[in-house]
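Please read the following note alongside the model.

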Amino acid sequence: MRENGRVTSATRQPAPPARTVPPRLIATDLDGTLLRDDKSVSPRTVAALAAAEEAGIEVFFVTGRPARWMDVVSEHVHGHGLAICGNGAAVVDLHGGPGTHRFVKVRELARENALDAVRLLRQAAPGTMYAVEQTYGFHQEPDYPKLHMEIPDSLAPAEGVLAPDGPGADEPVLKILAFHPEMEPDAFLTLARLAIGDRANVTRSSPSALLEISGPGVSKASTLALCCAERGISHEEVVAFGDMPNDVEMLTWAGQSYAMGNAHPDVLAAASGRTVANNDDGVAIVIERMLAERA
């Protein structure tokens, strides 16, 4: 079960942003946002998503999850069937269901950049352990903790996995996961960003000291912007929801944005509005009100 530690919990009703541009697309994070802590999608949320699609508003799931973890929402993607996974590293067609996902767009982390990031972070934060996320494969170092409830394809140092002849050498790298057993999560994030610089994009979505390292410029926001541009949708016509640091760029970019009541302080500061917590159907409440105002 995912829990957000040391965050603010809202008890009041959602505060709407000042903008009134009619929305054409809803972009929502999953864990800690759309999903309840038990990883379920509540009946109220299912109904709200369906009502939005019925009203002609596209719904995009924008998550740090890999494609293989999208079965929890794959039946709720409605018409277009697309989701943004891996913090923007991939756009995936979920229509086929679990195990048959098709990658529509891949924004990979170059192995040279990945190796630089590993080297620099090893120097800055000794004791860091790594895993490598690819389009289909998952590899981790022997000491990397069992955080993901899955069996890795290989156990090897990150440098070996990322080598030209390493396992999965013919498969794109989507992101690196870096875990530190002792550091405070936000301190680890700040240290990693300073150490790695512009060689990669570093963020986090876990309550633990687990960082997610993607290609330079790759984020939820940048990939969402590409998808919107393909549809002729401006950022002002997007409503976004999130709860953790990996959502900050998306919430800042969107014309209307909502931090969940359980959100990280950086998210509360970045969003233009606020709703109640994920366990209280905060996304559904905003969508219902938005559709009522539209009617």
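**Note on contacts, packing and salt bridges**

1. Apart from residues up to four places away in sequence, Pro167 touches Gln134, His139, Ser154, Gly160 and Val161, where contact means heavy atoms within 4.5 Å. The structure is a predicted model, in which local features need pLDDT of at least 70, side-chain atom pairs count only at pLDDT 80 or more, and totals for chains, interfaces and linings use all residues. Residues are numbered from 1 along each chain as its sequence is written, and side-chain values use heavy atoms, with hydrogens and water left out.

2. Pro167 belongs to the loop between helix 4 (158–161) and strand 9 (173–179). Helices (H or I, at least four residues) and strands (E, at least two) are DSSP runs, numbered from the N terminus. The relative accessible area of Pro167 is 31%, which is partly exposed; buried means under 20%, exposed over 50%, and partly exposed in between, with a 1.4 Å probe and protein chains only. Between the C-alpha atoms of Pro167 and Ser154 the separation is 7.5 Å, and these residues are 13 residues apart along the chain.

3. Gly168 is likewise placed in the loop between helix 4 and strand 9. With a relative accessible area of 22%, Gly168 is partly exposed. Its contacts, leaving aside neighbours within four places in sequence, are Arg111 and Gln134. Gly168 lies 9.7 Å from Thr135, C-alpha to C-alpha, at a sequence separation of 33 residues.

4. Which residues does Val283 touch, not counting those up to four places away in sequence? They are Thr28, Thr33, Leu34, Phe241 and Met260. Val283 is part of helix 9 and is buried, at 2% relative accessible area. The C-alpha atoms of Val283 and Thr28 are separated by 8.1 Å, although the two residues are 255 residues apart along the chain.

5. Two packed helices are described by the angle between their axes and the distance between the axes. Here axes are lines fitted to C-alpha atoms, for helices over the stretch in contact, and angles run from 0 to 180 degrees between N-to-C directions. Helix 2 (residues 43–54) and helix 9 pack at about 35°, their axes being 9 Å apart. The crossing of helix 2 past helix 9 is left-handed; a crossing has this hand if the near helix is turned anticlockwise from the far one by less than a right angle, and is right-handed if clockwise.

6. On the helix 2 side of this contact are Arg44, Thr45, Ala48, Leu49, Ala51 and Ala52, which meet Ala284, Ile285, Ile287, Glu288 and Leu291 in helix 9. Sorted by class, the contact of helix 2 with helix 9 has eight nonpolar, one polar and two charged residues. Ala, Val, Leu, Ile, Met, Phe, Trp, Tyr, Cys and Pro count as nonpolar, Asp, Glu, Lys and Arg as charged, and the others, Gly among them, as polar.

7. The axes of helix 3 and helix 5 (residues 185–196) come within 9 Å and cross at roughly 125°. Helix 3 and helix 5 are therefore oblique to each other; angles under 35 degrees count as roughly parallel, over 145 as roughly antiparallel, 65 to 115 as roughly perpendicular and the rest as oblique. Helix 3 passes helix 5 in a crossing that is right-handed. Ala117, Leu120, Leu121 and Ala124 of helix 3 meet Phe188, Leu191, Ala192, Ala195 and Ile196 of helix 5. This contact of helix 3 with helix 5 has nine nonpolar, no polar and no charged residues.

8. A salt bridge is a side-chain nitrogen of Lys or Arg within 4 Å of a carboxyl oxygen of Asp or Glu, and by this rule the count is 20. One of them joins Arg122 and Glu141 at 2.4 Å, N to O. Arg122 is in helix 3 (residues 111–124) and Glu141 in the loop between strand 7 (138–140) and strand 8 (154–155), so the pair ties together parts that are 19 residues apart in sequence. Arg122 is partly exposed at 28% relative accessibility, whereas Glu141 is buried at 8%.

9. Another salt bridge pairs the side chains of Arg289 and Glu293 at 4.0 Å, N to O. Both residues lie in helix 9 (residues 282–294), four residues apart, about one turn of the helix. Arg289 is partly exposed at 24%, and Glu293 is exposed at 60%.

10. Asp93 and Arg102 also form a salt bridge, at 3.3 Å, N to O. Asp93 is buried at 13%, while Arg102 is partly exposed at 48%. Finally, a network of salt bridges links Glu58, Lys105, Glu230 and Arg231.
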